[in-house]
Amino acid sequence: MALLEIKNLHASVAGKAILKGITLALEPGTVHAIMGPNGTGKSTLSNVIAGREGYDVTEGEVLLDGKNVLAMSADERARAGIFLAFQYPVEIPGVTTSAFLKTALNAKRRAEGKTEVDAMEFLKLVKAKTAALGMPYDMIKRALNVGFSGGEKKRAEVLQMTLLEPRLAILDETDSGLDIDALKVVSEGVNSLRAPDRAFLVITHYQRLLDYIVPDHVHVLAHGRIAASGGKELAVELEAEGYAKYLDAAA
Amino acid sequence: MKPSEIIDHPFGSAYAMRLGAKAPWLGHLPGPKTEAWRFTPLRTLASTPFVPASASNDVDVTELPRGLPLIAGAARLVLVNGAYRADLSDREFGQGLTVSTAQEFASSARSPLALLNAAYAAAGISIDAAGAGLRPIHLISIGAAGAEPLAFHPRLRITVAPAASLTIIESHVGLPGQTYFSNPVTEIVLAEKASLRRYVSVAEDSEAFHLATTTISIAAGGSLEAFHLGLGGALVRQEISVRFEGRGAAARLNGAYALSGRAHHDFTTVMDHNVPDCHSSQVFKGVADGDSHGVFQGRIHVARDSQRSDARQLHKALFLSRGPQIDCKPELEIYADDVQCAHGAATGEIDHDHLFYLMSRGIDPATARSLLVEGFLTEAVIEVSVPDVQAHFIDAIRTWLKSREIARGRP
């Protein structure tokens, strides 16, 4: 059974149809890349899967391990194993990164029937994870994402991902705003999480990220539909030739 | 005005009847047409048949309530129903601190509530601080009414000598039971280069009234850091007036409130830049739930010759539901031309993007909201420079958040 199944998904925002019939199946252990120009529904797709308010699903299904994701609230989806790495992680003043991480981790553990981690275990865990991502450990004492550089925010997203160990990780334009060094660190973090029981949906505008996170499948999203699918060579082709032919064909 | 001078005022009859029966002052309280009290109606207060505190009406308080902050090394000063309690207080305050508990002294406050206090307060407490390395003082005021609604009028004067530095923590709490009305007046005088850190927590019983008037004067080079926390009471007003009397003085006046049920909380501040070259900053944040009512009135006055004044004021509030009311009235009266003044006010709801971000990490909506509210108020509490006090205030906010969850049927 596919880990994530998207069947004929239609969604609209404020009455305007954005997704117009997306069908996609992610097998465990695979990385799928979704590419496409701006305004074709890439972020809508990630938000609909993650459960952000303001999107109306007018048709179709999204199943995680066969369970109806669309019937779950955003927090239920997260506890079921969906993780969205945000394109623009929000800054939340007053909430420390450590309090946030510990609350999220324990919510997940409770849902899995595991015991909560105590303060000592938590600190030990975070120390190891931040070190692996080349992040200063002190960063968890700071307010969540407040004053973080673009690179720090994306690293913090990957840190959350490595702590929460999702079934499905969606990376929404994770490469935006990253210099090449940060891109490498973030990609290594993601690659270290590749596992036989986990799938990735990597949404990106450029092929560059896919040099570091090498996908098994690449899909082109144009006008709310998947216009083409292929292997990783499709990304290279898109980089060379652009999206024009898919936009024309789908229009 | 001293209590004995008040005999000509309408409240004078109260003074004459100080230990008499029912309060004759209720008809003289400010009404809704008094601008300063427009948002804080005193109807319920005025219609409650309060009796003055007296031994016969007191509940016997023999120990301190739980949940008070533990401040390392602090000397404790306890009032029960406005009366000093030697048995619950520390006897020794250490070098440089003089505490006298039976003083009649004048207050510069002229508000009706301050006059009412003067009329009733039999004796005040005077704290005089001089020198360095003083022990912090923890003043605890406990309201505990017996069979009848009770009114009491604590009166406090704090003076800090030149170059001396004092920290005072005040906890205003109450025992559940009959309603009570606490009407404290505090007069603070900071001499040249004196500094005071004052942290006030008002967490009265949900049926209680608390109308506090504080006047602070700061001489040249003096500094004030104050934080006021408001966590409950049927009707609470914390009115704080700061007046700069000498150049180079600074005041940081901050606060936070968290209201639920039918709680009413009013912060009224006056920052009087009476002389040049002084700095003031104010950060107040509040959250309101249920049918509560939050008020912030902040007046900044910069006199004509008070050049190079720097005055900042910020009030931000969050509605946690559709029921509450929040009124905010900043007033800037600036008569000097070379000044830096900034004020900001914002009222809104919890940010949906923030909420989604937390929920997308598996945090349920109620917990996510609590985290965000705590974070919002923490932004003000971090202005407290004493770590013990800051931690206590954050704990108190967490306790408030938990009680709110319990009220909604969450474990």
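The model is predicted, so local features need pLDDT of at least 70, side-chain atom pairs count only at pLDDT 80 or more, and totals for chains, interfaces and linings use all residues. Residues are numbered from 1 along each chain as its sequence is written, chains are lettered from A and ligands numbered from 1 in the order in which they are written, and side-chain values use heavy atoms, with hydrogens and water left out.

Start with the empty space. Rolling a probe the size of a water molecule over the atoms shows where empty space is left. The search runs on a 1 Å grid over the protein atoms alone. A pocket is an open set of points with protein on both sides within 12 Å along at least five of seven lines. A cavity is a set of points where a 1.4 Å probe fits but cannot get out. Lining residues have an atom within 4 Å of a point. Grid points are joined across faces, edges and corners, and a volume is the space filled by probe spheres set on the points.

The largest pocket has a volume of about 1100 Å³. Its lining takes in 42 residues. Nearest the centre lie Glu204(B), Ser206(B), Leu231(B), Gly232(B) and Gly233(B). Several elements of chain B give two or more residues to this lining, among them strand E9 (165-174), strand E12 (195-203) and strand E14 (223-232). Which element gives the most to the lining of the largest pocket? H6(B) does, with six residues. The lining of the largest pocket divides into 17 nonpolar, 17 polar and eight charged residues. Ala, Val, Leu, Ile, Met, Phe, Trp, Tyr, Cys and Pro count as nonpolar, Asp, Glu, Lys and Arg as charged, and the others, Gly among them, as polar.

The structure holds five cavities of 30 Å³ or more. The largest cavity has a volume of about 70 Å³. Its lining includes Leu79(B), Ile125(B), Glu170(B) and His172(B). Strand E6 (137-143), strand E8 (155-160), E9 and strand E11 (185-190) of chain B each supply at least two of the lining residues. Seven residues of this lining are nonpolar, three polar and two charged.

Helix H3 (residues 112-120) of chain B is mostly covered. Eight of its nine residues are buried (under 20% relative accessible area; exposed is over 50%, partly exposed in between; 1.4 Å probe, protein chains only). Among the buried residues are Leu113(B), Asn117(B) and Tyr120(B).

Next, the two chains together. Their contact (heavy atoms within 4.5 Å) takes 20 residues from chain B and 30 residues from chain A. The area buried between them is about 1900 Å², of which carbon and sulfur atoms give 69%. Buried area is the accessible area (1.4 Å probe) that two parts lose on being put together, summed over both. In chain B, Phe356(B), Tyr357(B) and Arg361(B) lose the most area to chain A, together 40% of what that side buries.

Salt bridges come next. Each is a side-chain nitrogen of Lys or Arg within 4 Å of a carboxyl oxygen of Asp or Glu. The count over all chains is 33, and two salt bridges run between chain B and chain A. Asp353(B) forms one with Arg52(A), the closest N and O atoms being 2.9 Å apart.

Within chain B, Arg243(B) forms a salt bridge with Asp272(B), at 2.8 Å between the closest N and O atoms. Why does this pair tie together parts that are 29 residues apart in sequence? Arg243(B) lies in strand E15 (residues 235-244) and Asp272(B) in strand E17 (residues 264-273), so the pair links those parts of chain B. Arg243(B) is partly exposed at 35% relative accessibility, whereas Asp272(B) is buried at 13%.

In chain A, Arg110(A) and Glu116(A) meet in a salt bridge (2.7 Å, N to O). Arg110(A) is partly exposed, at 47%, and so is Glu116(A), at 42%.

Finish at Leu238(A), in helix H8 (residues 233-241) of chain A. Leu238(A) is buried, with a relative accessible area of 4%. Not counting residues up to four places away in sequence, Leu238(A) touches Met35(A), Val220(A), Tyr243(A) and Tyr246(A).

Key
Helix = DSSP H or I, 4+ residues; strand = E, 2+ residues; numbered from the N terminus.
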